[in-house]
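Hi,

Here is the model I said I would pass on.

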Amino acid sequence: MARSRLVSAEAELDIGRVRADFPILERTVHGQPLVYLDNAASSQKPAVVIDAVRDYYQTHHSNVHRGAHALSVEATDAYEAARGAVASHMGAGSPSELVFVRGATEALNLVATAWGGANLGPGDRVVLTKMEHHSNLVPWQLLAARTGAELSFIDVTPDGELDLDDYRRLLRHRTKLVGVTHVSNGLGTINPVEEIVRLAHDAGALCLVDGAQAMPHMTVDVQAIGCDFYAFSGHKMCGPTGIGGLWSRREILDDMPPYQGGGEMISEVRLEGSTWADVPQKFEAGTPNVAGAVGLGAAVGYLQGLGIEAIEAWEDYVSQYARRRLDEVVGLRVYGPRTGRTGVFSFTYADIHAHDLATILDQQGIAIRAGHHCNQPLMDHLGVDATARASFYLYNTPAEVDALIEGLQIAASIFRLDT
Amino acid sequence: MDETSQNGRPIDRSVPSSLYQLFQEVILDHYRRPRNKSPIEDATHRITLNNPLCGDVVEVVLVVENDRIANVGFGGKGCSISMASASMMTHQLMGKTLAEATELTSRFTEMLHGDPDAAEDETLGDLRALAGVSKFPVRIKCALLCWNCLDELIEPESA
């Protein structure tokens with residue numbers, strides 16, 4: 001983590017050029033320049049990603065892995081080149097360890113269904129946390145209902161951090177898998193995944209990490225983390241929607257049964273039964289999202305070109321400024337830890353409901369999210385009904401933080417708050 | 001790229017008047033001092049609906065006697081629009097027949113969909129303050145949540 005490089009942040013990332021890379025940032029919303037602060041939900045796309053998708057469709061498109069003609073070869077090469085680029089970006093040992101899926105949600109469902117279905121039975125325990133996104137909770141609830149496996153949840157402290165003592169206690173039971181988010185989508189907390197993985201392995205359990213909120217913002221090295229599964233979405237990291245990945249170790253993927261059946265994933269099909277293709281194709285039934293993968297490959301190339309450390313340093317710089325300005329607003333409360341966090345700020349402001357805040361800010365061109373952020377159990381745990389969430393990314397600026405603060409002042413005036 | 005979007009935005013930004021129309025004094029008053037926000041023990045009708053997208057939850061309880069609403073209350077949590085709508089709805093429903101309540105629901109719904117005549121209809125009382133919601137399509141469901149409760153409760157009766 002480059003948390004101590006604030007001073008040079010501005011020098012390392014040419015923010016004017018970065019912003020020029022994102023065509024959508026030139027548009028207005030309700031007559032105001034767009035201030036896009038809903039990046040934890042989905043990021044915007046640089047021109048290189050949009051161009052890569054268009055170029056793929058204009059020049060190379062065909063179905064992949066059929067190989068009977070030139071376009072099919074080109075499409076397959078582009079698809080597999082993207083797999084190689086993304087796999088290497090996240091420290092995978094081999095491209096074959098990266099399964100392309102629709103997004104983190106599908107990756108997590110794949111693990112729950114294919115691995116969980118084969119490895120979990122009555123009384124087996126899956127340890128999750130109280131801060132999981134619904135996508136790393138509901139698939140396990142469905143699995144538990146099918147198999148009789150039991151779920152337990154690591155407690156979250158009032159500061160929004162995982163209670164590791166509680167985790168150690170939970171691991172005393174017969175735990176087969178630990179599932180944890182790398183970064184909380186509601187609070188921005190960066191969880192100590194290396195330690196969580198180590199403790200899981202000591203207890204004989206595998207460990208699944210949901211990296212949807214981490215991959216866009218920091219260097220992720222799955223081998224250094226030591227986890228067994230790592231899930232992420234492309235659209236939160238400058239890539240297209242409908243593409244994401246599941247990384248796992250080769251021997252685990254080899255042992256898992258398929259997730260869905262169909263074309264692509266078979267070796268031989270007979271009426272009485274079939275055999276499966278090797279990984280990763282075994283988990284990629286049907287025609288894949290080739291254009292999405294190509295776009296994701298371009299997104300990874302774009303982020304690497306800027307430098308992940310430079311992006312981290314810039315985001316840290318803007319986020320610390322945002323935190324300082326938000327803390328100055330009387331009656332505003334930011335949830336989550338003060339340090340060890342990303343630029344995701346969930347907050348409440350006096351008695352103004354988050355949904356009303358979002359409407360007022362939207363009229364000023366400022367996009368935030370309001371609600372429970374697919375984090376309902378966490379919000380219940382923290383005792384809040386709904387929060388407003390401003391989440392930052394590499395193209396956001398201190399000036400946009402100022403716009404948010406001004407927008408909040410207007411909300412205070414509309415709601416006749418005594419300020 | 002233009003200077004404005006790179007360096008922020010013009011300092012002198014006007015707030016759309018539609019926002020002030022949306023969050024009128026009377027709406028904030030019902031939000032902060034809701035009327036009839038109480039559980040009614042002897043209710044004859046009771047239902048809770050939620051909006052999973054934003055987390056709003058509204059419960060509506062009725063005491064119906066001889067096809068007339070003898071008492072009405074609400075509960076729940078949510079934004080100013082959903083809470084004010086529920087508060088004003090209960091105020092307006094008190095003592096109405098079920099047929100009148102159904103008529104009120106359709107007038108209110110028409111108003112939210114931008115019908116200028118409905119927005120002038122005196123039978124809606126304070127509820128007319130919610131006419132501004134029609135300019136904010138994503139907020140219409142907030143204003144309608146408590147009315148959907150009412151609809152579910154009395155539809156079988158009036159059908």
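If you want a place to look, A:A231 has A:L246 in β10(A) as its bridge partner. Keep in mind throughout that this is a predicted model.

The loop between β9 and β10 of chain A also holds A:C238. That residue is not a glycine, yet its phi is positive, at about 75°. Is A:C238 buried or exposed? It counts as buried, because it has 26 C-beta neighbours inside 10 Å, and the cut-off for buried is 20 or more.

Seven strands of chain A make an open sheet with mixed pairing, in the order β4-β10-β9-β8-β7-β5-β6. The edges are taken by β4 (98–101) and β6 (150–154) of chain A; each has a single partner strand, so one side of each has no neighbour in the sheet. On average, neighbouring strands here are turned by 20° against each other, ignoring direction.

What does β7(A) pair with?

- Strand β5 (residues 125–129) of chain A pairs with β7(A) in the parallel sense, over three bridges. A:V127 stands opposite A:V178 of β7(A).
- Strand β8 (residues 206–210) of chain A also pairs with β7(A) in the parallel sense, over five bridges. There, A:G179 has A:L208 in β8(A) as its bridge partner.

Between β7(A) and β8(A) comes helix α8 (residues 193–202) of chain A, and the three elements make a right-handed β-α-β unit.

A few other spots in chain A are worth a click:

- Helix α13 (residues 354–362) of chain A is mostly covered, with eight of its nine residues buried. Among them are A:H355, A:D356 and A:T359.
- The peptide bond from A:V279 to A:P280 is cis, with omega near 5°. A:P280 sits in the loop between β12 (273–276) and α11 (290–306) of chain A.
- A:R416 is another residue other than glycine with a positive phi, near 50°. Its place is in the segment after α15 (398–414) of chain A. A:R416 counts as exposed, because it has 11 C-beta neighbours inside 10 Å and the cut-off for exposed is 12 or fewer.

As background for the last two, most residues other than glycine have a negative phi, and most peptide bonds are trans.

On to chain B. It has seven helices and three strands, and along the sequence they follow the pattern α-α-α-β-β-β-α-α-α-α. Of the 159 residues in chain B, 41% are buried. Among its contacts between residues at least 6 apart in sequence, 61% join residues at least 24 apart.

B:I154 is buried, because 22 other C-beta atoms lie within 10 Å. Leaving out residues up to four places away in sequence, B:I154 touches B:L98, B:A101 and B:T102. The C-alpha atoms of B:I154 and B:D67 are separated by 9.6 Å, although the two residues are 87 apart along the chain.

How do the chains meet? In the model, 25 residues of chain B are in contact with 29 residues of chain A. On the chain B side, the elements giving two or more residues are α1 (3–7), α2 (17–22) and α3 (25–32), and α1(B) gives the most, with four residues. By class, that side has 12 nonpolar, eight polar and five charged residues.

Finally, confidence. The predictor gives the complex an ipTM of 0.89 and a pTM of 0.93. Chain A has a mean pLDDT of 95, with 97% of its residues at 70 or more; chain B averages 89, with 89% of residues scoring at least 70. Within chain B, α4 (residues 80–93) has the highest confidence, at a mean of 97, and α1(B) the lowest, at 41. The pLDDT is below 50 over residues 1–12 of chain B, and stays under 50 over residues 1–7 of chain A. Where pLDDT is low, the predicted coordinates should not be read in detail.

Cheers

Definitions and conventions. Residues are numbered from 1 along each chain as its sequence is written. Chains are lettered from A and ligands numbered from 1 in the order in which they are written. This is a predicted model: local features need pLDDT of at least 70, side-chain atom pairs count only at pLDDT 80 or more; totals for chains, interfaces and linings use all residues. Two strands pair if DSSP finds at least two bridges between them. A crossover is right-handed if, with the strands pointing away from the viewer, the path from the first strand over the helix to the second runs clockwise. Axes are lines fitted to C-alpha atoms, for helices over the stretch in contact, and angles run from 0 to 180 degrees between N-to-C directions. Two residues are in contact if their C-beta atoms, placed from the backbone, lie within 7 Å. Ala, Val, Leu, Ile, Met, Phe, Trp, Tyr, Cys and Pro count as nonpolar, Asp, Glu, Lys and Arg as charged, and the others, Gly among them, as polar. pLDDT is the predictor's confidence in each residue, from 0 to 100.
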